[in-house]
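User: I'm new to this structure. Can you take me through it in plain terms?

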Amino acid sequence: MKTPPLLLGACLLFWGWQTDIPLVGAVMALVLEGSRAMGWRWELGDDDFGRLWKLSLSLLLGDAVYAMSVSQRTDLDLYLFPWLPIVFFPMVAGQVYSTHDRIPLRVFFWPLPSWMTPEQRIREINVTYPYFGACLLATSVSNRETMLFYAGNAVLLGWTLWTARSRRFPAPAWLALFAVIIAVGYQSSGLLSRMQKVLERRYASRIAQGTGELTDPYESRTAIGRIGRLKLSGAITLRIDPFFSGRPPGLLRQTSYTLYNSGYWLATRPQFARVPSGAYSDEWELLPEPEDYDGVRISTRLGEGLRLLAVPHGAFELDRLPVKDLATNRLGTFRVFGGPDWVNYSARFHPGQTIDGPPGIEDLRIPRNEDTALQRIADDLGLHNLKPEEAIATIRAFFEEHFRYTTFLSLPEELSFEAASPLSRFLLEFREGHCEYFASATVLLLREAGIPSRYVTGYAVREFSPREQRYVVRMRDAHAWTIYYADGHWHELDTTPGSWQEAESARAAWWEPVTDYLSTLQFRFARWRAEHGMGALLSYGGALLVPLIVFGVWRFLVKKRRRRFQRLAPADKSLVRPRGDDSEFYRLESQLIRCAPERRPGESPARWLARISDTPACRPLASSLFDAIRLHYRHRFDPLGLDSHERVQLARIVDGCIEQLRTTAHPRR
Amino acid sequence: MSKRLLYRCYRIISDVQYWIRRRFTNGGQFVFTGLVLAAMVGVDTTRTLAYQVFALLFCVLAFSIAFSLVWTAKFGAQRQLPRYGSVGVPLTYRVRLVNRTSKPQAGLFLLENLVDPRPTLREFIEQSEPGEAERSWLSRWLGVSRWRWLATQRHRGRFRERAVPDLPPRGEVEMAVEIVPLLRGPLRFTGLSLARPDPFNLLRAFSRVPLPQSLPVLPRRYPLPAFTLPGSMKYQHGGVALASTVGESEEFVSLRDYRPGDPVRHVHWRSWARMGKPIVKEYEDEFFVRHALVLDTFLAGGDSEVFEEAVSVAASFACTLQTQDSLLDLMFVGTEAYHFTSGRGLAHTDQILEILASVQVCRERPFHSLEHLVAEHVARVSGCICILLAWDGERQKLVRRLEAAEIPLLVLVLAAPGRAGDIAQTGYRPERFHVLESGRVEEGLARL
């Protein structure tokens with residue numbers, strides 16, 4: 001079945017409009033729909049269709065190269081799909097301008113696959129419907145989130161379904177039903193969008209694990225209480241170029257948490273809100289610009305999944321971050337939507353004002369099972385009687401003097417008492433551990449002293465790479481520390497002993513220089529692609545692609561000297577038309593076969609009418625039917641034919657019969 | 001064990017494919033494909049708007065599925081089948097449908113239900129497709145192509161669904177239906193189904209009418225050129241039993257003088273009266289030209305397509321030969337040795353074709369049982385057409401034996417595609433020897 005007239009044209013116009021190339025869409029629509037007005041057709045064979053298919057494949061290859069050069073792994077489809085209507089245009093144009101209505105399936109395979117049966121080899125397909133689907137898909141990727149997309153989509157789909165609907169159901173009922181479906185569909189699409197947000201929140205940790213991310217903005221499962229050596233890879237994950245002062249920020253933060261419970265840190269009220277972009281689409285202003293500030297340029301691969309940014313404490317503006325959306329929450333987490341896989345953004349920061357929300361009751365909450373140990377330490381240190389700044393200094397000194405950093409986690413049996421949690425035992429007994437112990441214990445001790453505080457995760461910046469001439473951050477530099485609220489601002493506090501960095505560096509693998517070198521190459525390539533991808537493609541690839549396409553079209557149109565067939569003019573048609581084929585009786589026949597046995601092969605219309613005249617539907621019409629067949633026979637076979645009066649009489653009889661048949665079939669109440 | 005598991009998997013997959021093909025219209029399959037694509041592209045609602053396409057398609061399809069589950073209309077049906085069908089020849093018959101509901105039924109489609117064409121587990125394990133040995137071990141182990149081949153081989157008819165004329169309440173309607181038989185033998189119908197599309201014409205609900213019937217399908221026949229069979233009348237004793245009349249019906253030859261011992265009923269009384277001495281009528285037996293059509297059914301692991309072609313060639317000869325004045329002995333070996341004679345008021349061509357429609361490959365008996373069968377009847381035949389599936393030592397021995405009996409022969413050997421040359425170059429060749437290549441048999445027969 002062919003697509004209904006103007007459907008493809010409308011779909012292409014919709015695609016052009018949604019993807020900001022209305023002129024291209026209009027021209028393509030004109031070419032395809034113009035075929036109905038054209039009086040000629042090409043006689044295309046398998047070879048010709050094969051050539052058109054190869055042209056489409058070449059365009060697809062070009063599209064893929066373009067998409068790969070300007071996109072990243074995660075958003076390849078956003079660059080690949082929008083051009084599908086152009087890619088497959090030669091095939092569709094070939095079909096609509098050919099003498100065939102369809103394209104043989106074998107054309108699409110070279111060589112013919114062995115599993116193809118002879119029936120499949122001679123099968124022919126109509127490519128207009130798949131093309132229609134490709135256009136809709138391409139339009140959906142343009143991502144203009146308005147009601148108009150849904151409306152256009154519904155109109156085009158409704159148009160298609162309308163032409164193929166079953167005549168069993170009356171048109172008004174069909175339209176009403178489709179209207180209901182459009183409404184339910186719209187509600188469902190909103191529900192899908194909301195559902196994704198809920199699911200993301202609920203299963204964020206699994207998403208983060210599945211995509212190799214270390215950070216989950218909703219929940220952090222620490223290694224507190226686990227035994228054995230902590231292992232993180234030495235792969236480089238961030239590259240830091242400080243500008244202005246030349247010194248990097250010591251810590252790059254990803255997210256913070258408020259509630260602690262048995263080794264888990266949870267984020268309360270972590271809902272994200274979108275940040276409006278600044279004067280340029282890749283510029284994001286978060287806070288008013290302070291008088292003095294520092295800046296840093298951060299290169300990283302965001303990958304798939306939650307896509308959280310690492311930013312210095314007190315970041316007030318992000319720049320050169322070409323993403324679709326940036327969202328933040330009250331816990332100082334930056335999350336990006338859309339955009340490239342590799343980013344190289346600048347962050348300006350000043351460690352005063354931050355985007356973190358003001359402290360709440362949860363920032364002072366202490367878990368019940370840690371309360372005993374914390375009170376004991378607080379009593380020992382006299383935290384309850386100290387001013388906040390004194391309490392902070394005391395806590396810092398307490399960890400510096402009495403604690404040791406280790407990546408090997410053990411729980412000494414001789415000192416253990418079963419009721420205590422690992423964190424309490426860390427504070428009271430073994431007093432060694434990794435950063436998560438220190439950060440968690442610090443947060444809880446600060447809260448014990450009445451200072452609102454949060455647990456923060458991110459990366460420590462400490463390694464300068466002489467090869468790259470910039471700071472690099474490895475996976476094993478993942479770190480946890482504390483922020484506390486004092487003097488109307490949030491401040492950072494890292495109580496993990498400074499020796500942790502040496503301890504971590506000592507764990508570097510012997511092959512790390514090799515992986516670093518490969519990582520540097522990969523980074524340079526990614527940066528080159530991000531900076532020059534589009535330009536390089538247009539300057540080199542485009543220069544090659546254009547003559548290729550011109551050559552393909554020339555080969556198709558000119559070299560082969562294709563035969564063009566003119567459609568028969570109406571005057572010529574009449575020469576071959578059987579006499580009387582315009583008789584009104586045929587209308588009656590098509591109506592009769594719906595309510596009476598159809599005409600058998602070889603049965604004359606008069607015999608057939610005689611046979612069916614006794615059926616319930618035809619009995620009341622018998623005399624009119626015989627009048628009609630008498631006039632029809634005269635119109636067909638009488639050399640003198642019917643005069644105008646008789647012709648009108650035939651039409652009247654037929655109309656009367658059809659009306660009566662319809663009344664019988666659907667009696668009005 | 002693994003074959004059993006694979007067999008189960010293929011059955012489940014084919015069940016699903018069959019369900020989709022029958023339930024979904026072309027539009028439905030298109031919408032379903034679009035739904036899957038939209039789900040893949042729109043899985044992240046923050047990146048594209050494909051999820052909106054997904055939502056709309058999902059609602060349309062969900063409605064169609066729900067609608068297709070509720071249809072309880074009942075129908076009656078009667079099928080008027082012809083006596084025979086032939087492989088590859090479209091067969092038109094009439095179906096009378098009765099609406100057993102009090103509502104008019106419009107926009108329905110009729111589908112025929114044939115017996116399940118899928119192979120049994122035993123067939124799947126034991127039978128192999130042609131050229132399977134040349135496939136990779138993985139392909140052989142998986143057996144996908146074997147499954148496909150077996151299912152195709154057993155697919156007995158191709159049917160296109162037909163639109164049913166509007167059925168008035170409690171009324172009936174008659175319509176013509178066409179089916180193309182694809183295999184010889186019985187074409188078994190289990191019933192027919194009436195399909196009702198949903199308003200969007202995506203899915204269909206079915207009302208099934210059990211109507212088991214069977215139709216014999218005759219083998220495919222090829223036109224033969226003007227052709228004279230080898231051999232002629234050579235006093236083969238047709239005998240009275242094979243004549244068209246009942247009792248003694250020997251041919252009258254002449255009158256002669258009475259000899260002692262002649263039966264009294266042979267006395268020609270008028271001549272005795274005229275001549276004055278006893279004269280008797282002299283008779284002799286009727287003699288017929290009698291041809292043997294020997295069909296080789298011993299297919300040793302070869303291409304069953306070749307065997308089908310051999311049966312078609314035999315059927316072509318059986319229905320082309322003029323048997324008013326001659327007899328045709330069809331000989332082949334099945335579960336036992338069979339010998340049928342047609343012509344001269346015995347079996348008609350139709351019956352021979354019916355027999356050929358049910359011929360199967362013989363796997364239980366050795367080839368020499370065919371040789372014995374031919375040897376039994378060789379004395380009575382005036383010419384022989386041998387249709388063979390190979391040209392090996394045993395078959396050459398059979399042909400040599402017939403040549404030694406001085407019986408004019410026409411030997412036709414069926415070969416797999418591309419193998420005709422190998423057989424044609426074999427050393428021994430009788431005088432009238434032709435190799436017919438499967439797939440180009442018609443061409444080969446035209447050169448006879």
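User: How much of chain A counts as buried?

Analyst: Of its 669 residues, 49% count as buried; buried means under 20% relative accessible area, exposed means over 50%, and partly exposed is in between (1.4 Å probe, protein chains only). This is a predicted model, where local features need pLDDT of at least 70 and side-chain atom pairs count only at pLDDT 80 or more, while totals for chains, interfaces and linings use all residues. Residues are numbered from 1 along each chain as its sequence is written, chains are lettered from A and ligands numbered from 1 in the order in which they are written, and side-chain values use heavy atoms, with hydrogens and water left out.

User: How many helices and strands does chain A have?

Analyst: Chain A has 22 helices and 26 strands. Helices (H or I, at least four residues) and strands (E, at least two) are DSSP runs, numbered from the N terminus.

User: And what share of its contacts join residues at least 24 apart?

Analyst: The share is 75%, taken among contacts in chain A between residues at least 6 apart in sequence. Contact here means heavy atoms within 4.5 Å.

User: Let's pick a residue. Where is R106(A)?

Analyst: R106(A) sits in the loop between β2 (103–104) and α7 (118–121) of chain A. Its relative accessible area is 27%, so R106(A) is partly exposed.

User: What is R106(A) in contact with?

Analyst: Setting aside neighbours within four places in sequence, R106(A) is in contact with D46(A), L112(A), R121(A) and I122(A). With D46(A) there is a side-chain polar contact of 2.5 Å. A polar contact is a pair of N or O atoms within 3.5 Å; within protein, one must be able to donate a hydrogen and the other to accept it, and residues adjacent in sequence count only if both atoms are side-chain atoms.

User: Which parts of the chain do E584(A) and R647(A) link?

Analyst: Their side chains meet in a salt bridge at 3.2 Å, N to O. E584(A) is in the loop between α18 (570–576) and α19 (585–592) of chain A, and R647(A) is in helix α22 (residues 644–665) of chain A, 63 residues apart, so the pair links distant parts of the chain. E584(A) is buried, with a relative accessible area of 15%, whereas R647(A) counts as partly exposed at 22%.

User: Which residues are linked in a network of salt bridges?

Analyst: R239(A), D241(A), E468(A) and R470(A) are linked that way.

User: What about chain B? How far apart are the closest N and O atoms of D257(B) and K277(B)?

Analyst: They are 3.4 Å apart, and the two residues form a salt bridge. D257(B) lies in strand β10 (residues 251–257) and K277(B) in the loop between α7 (269–275) and β11 (279–284), both of chain B, so the pair ties together parts 20 residues apart in sequence.

User: And R122(B) with E126(B): buried or exposed?

Analyst: Both are exposed. Their side chains meet in a salt bridge of 3.1 Å, N to O. The two lie in helix α4 (residues 121–126) of chain B, four residues apart, about one turn of the helix.

User: New topic: how many disulfides over all chains?

Analyst: The count is zero, a disulfide being a pair of cysteine sulfur atoms within 2.5 Å. For C384(B), the nearest cysteine sulfur is that of C386(B), 3.7 Å away. C384(B) is buried, with a relative accessible area of 1%.

User: Last one, the interface. What area is buried between chain B and chain A?

Analyst: About 4200 Å², of which carbon and sulfur atoms give 62%; buried area is the accessible area (1.4 Å probe) that two parts lose on being put together, summed over both. The contact takes 45 residues from chain B and 55 residues from chain A.

User: How many salt bridges and polar pairs cross the interface?

Analyst: The rule finds two salt bridges. E598(A) and R162(B) meet in a salt bridge through their side chains, at 4.0 Å, N to O.

User: Which element of chain B gives the most to the side that touches chain A?

Analyst: That is α3(B), with 12 residues.
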